[in-house]
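Please read it alongside the sequence and the coordinates shown below.

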Amino acid sequence: MLQNLKDIVTTASGTYYVSTSDTYDMGLETMIFKCKVPIPKEFDDIEWSGVYIEHHRTIKHAIERHNEIKNNIEKYINER
């Protein structure tokens, strides 16, 4: 089972929360959420509508893609 992967990434355009998890309804997915504040500490500090979403078939792929997305976030937030 996949442990939830969570990272906060700050860019020139803002702060983003990158989350990869195994959800009950959609399976393995990575999502990017925009943060309302530079250092989110509370649930309400994040805009939960999501900026980007990607689904995965395997845990290995989910981990690889989480790291790719986290390290190249500008590419993914600009796809919207």
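His 61 touches Glu 54 and His 56, leaving out residues up to four places away in sequence; contact here means heavy atoms within 4.5 Å. The model is a predicted one, in which local features need pLDDT of at least 70 and side-chain atom pairs count only at pLDDT 80 or more, while totals for chains, interfaces and linings use all residues. Residues are numbered from 1 along each chain as its sequence is written, and side-chain values use heavy atoms, with hydrogens and water left out.

- His 61 is found in helix H1; helices (H or I, at least four residues) and strands (E, at least two) are DSSP runs, numbered from the N terminus.
- The relative accessible area of His 61 is 33%, and the residue is partly exposed; on this scale buried means under 20% relative accessible area, exposed over 50%, and partly exposed in between (1.4 Å probe, protein chains only).
- A polar contact of 3.3 Å links the side chain of His 61 to the side chain of His 56.
- A polar contact is a pair of N or O atoms within 3.5 Å; within protein, one must be able to donate a hydrogen and the other to accept it, and residues adjacent in sequence count only if both atoms are side-chain atoms.
- Asp 45 is 16 residues from His 61 along the chain, and the C-alpha atoms of the two are separated by 29 Å.

**Thr 30 and its polar contacts**

- Thr 30 lies in strand S3 and is buried, with a relative accessible area of 0%.
- The side chain of Thr 30 makes a polar contact of 2.7 Å with the side chain of His 56.
- The side chain of Thr 20 also makes a polar contact with that of Thr 30, at 2.7 Å.
- Beyond neighbours within four places in sequence, Thr 30 is in contact with residues including Val 18, Tyr 52, Glu 54, Ala 62 and His 66.

**Salt bridges**

- The structure holds two salt bridges, each being a side-chain nitrogen of Lys or Arg within 4 Å of a carboxyl oxygen of Asp or Glu.
- One of them joins the side chains of Glu 54 and Arg 65 (2.6 Å, N to O).
- Because Glu 54 lies in strand S4 and Arg 65 in helix H1 (residues 59-71), this pair ties together parts that are 11 residues apart in sequence.
- Glu 54 is buried at 12% relative accessible area, and Arg 65 is buried at 18%.
- Glu 64 and Lys 60 also meet through their side chains in a salt bridge (3.3 Å, N to O).
- Both Glu 64 and Lys 60 lie in helix H1, four residues apart, about one turn of the helix.
- Glu 64 is partly exposed at 41% relative accessibility, whereas Lys 60 is exposed at 59% relative accessible area.

**The sheet**

- Four strands form an open sheet in the order S1-S2-S3-S4, with antiparallel pairing; two strands pair if DSSP finds at least two bridges between them.
- S1 and strand S4 (46-55) stand at the edges with a single partner strand each, so one side of each is left without a neighbour in the sheet.
- On average, neighbouring strands of this sheet are turned by 25° against each other, direction ignored; axes are lines fitted to C-alpha atoms, for helices over the stretch in contact, and angles run from 0 to 180 degrees between N-to-C directions.
- Strand S1 (residues 5-11) and strand S2 (residues 14-23) run antiparallel and are joined by seven bridges, and a hairpin connects S1 to S2 through two residues.
- Leu 5 stands opposite Thr 20 in S2.
- Six bridges pair strand S3 (residues 27-35) with S4 in the antiparallel sense, and Ile 46 in S4 is the bridge partner of Cys 35.

**Nonpolar cores**

- The largest nonpolar core has 10 residues, among them Val 9, Val 18, Ile 32, Val 51 and Ile 69; such a core is a set of buried Ala, Val, Leu, Ile, Met, Phe, Trp, Tyr and Cys residues joined through side-chain atoms within 4.5 Å.
- S2, S4 and helix H2 (73-77) each supply at least two residues of this core, and H2 gives the most, with three residues.
- Another core, of five residues, lies apart from it and includes Met 31, Phe 33, Cys 35 and Ile 46.
- Val 18 touches residues including Leu 5, Val 9, Thr 30, His 66 and Ile 73, not counting residues up to four places away in sequence.
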